[in-house]
Amino acid sequence: MSTSQPPIFYSISHSDADNYEAEGKLEKLKKIKGYNYEDWVHLSPDKLSDYEEKLKMFYKEHLHSDEEVRFFLDGSGYFDVRDKDDKWVRIQSEKGDLLILPAGIYHRFTLDTNNYAKVIRLFAGEPCWKAHFRPSEEHPARQKYREQLEKGFLECPV
């Protein structure tokens, strides 16, 4: 698995997770991108019902119709994404990281050995948690993503 930073995901940036409201970056992003819904998820054996089953589901390769936006308030984990050659690239995400994956990108998520993460999930419009498991090459979001890759660029979120 490669650890190089691929040109296939939109953004990973770092913010002060303890003072993110005062910092204002997350609120600015929400306004620019039209993210009007958020929820908080605590990923840990004592906070998440069906913890083991949900982690297995998160780790199964999938894509979404919408961007996947995660801000890590605490804890850490890994997003694995496919590069343009269909090889895995691992992205370590930890407290203060904001990650935005484009719609249509194959990915998976797992916690690290700490088995804990507290994240804010952001959505534009109605929240959609539906995962489309691989293969989903005919899915419209996947087709758009592939077209953008072939052109050598992805739309920038901000």
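The model is predicted, so local features need pLDDT of at least 70 and side-chain atom pairs count only at pLDDT 80 or more, while totals for chains, interfaces and linings use all residues. Residues are numbered from 1 along each chain as its sequence is written, and side-chain values use heavy atoms, with hydrogens and water left out.

**The strand itself**
- β4 covers residues 68-82; strands here are DSSP runs (E, at least two residues), numbered from the N terminus.
- It's mostly covered, with 13 of its 15 residues buried (buried means under 20% relative accessible area, using a 1.4 Å probe and protein chains only).

- Strands count as paired if DSSP finds at least two bridges between them.
- β4 and β6 (residues 97-101) run antiparallel, joined by four bridges, and Phe-71 sits opposite Leu-98 of β6.
- β8 (residues 117-124) also runs antiparallel to β4, with six bridges joining the two.
- On the β8 side, Phe-71 faces Ile-120 across the pairing.

- β7 (residues 107-111) pairs with β4 in the antiparallel sense over five bridges, and here Gly-77 stands opposite Leu-111.
- Seven bridges link β4 to β5 (residues 88-94), again antiparallel, with Val-81 opposite Val-89.

**The hairpin**
- β4 and β5 form a hairpin with five residues between the strands.

Definitions and conventions
Buried < 20%, exposed > 50% of the residue type's maximum accessible area, 1.4 Å probe, protein only.
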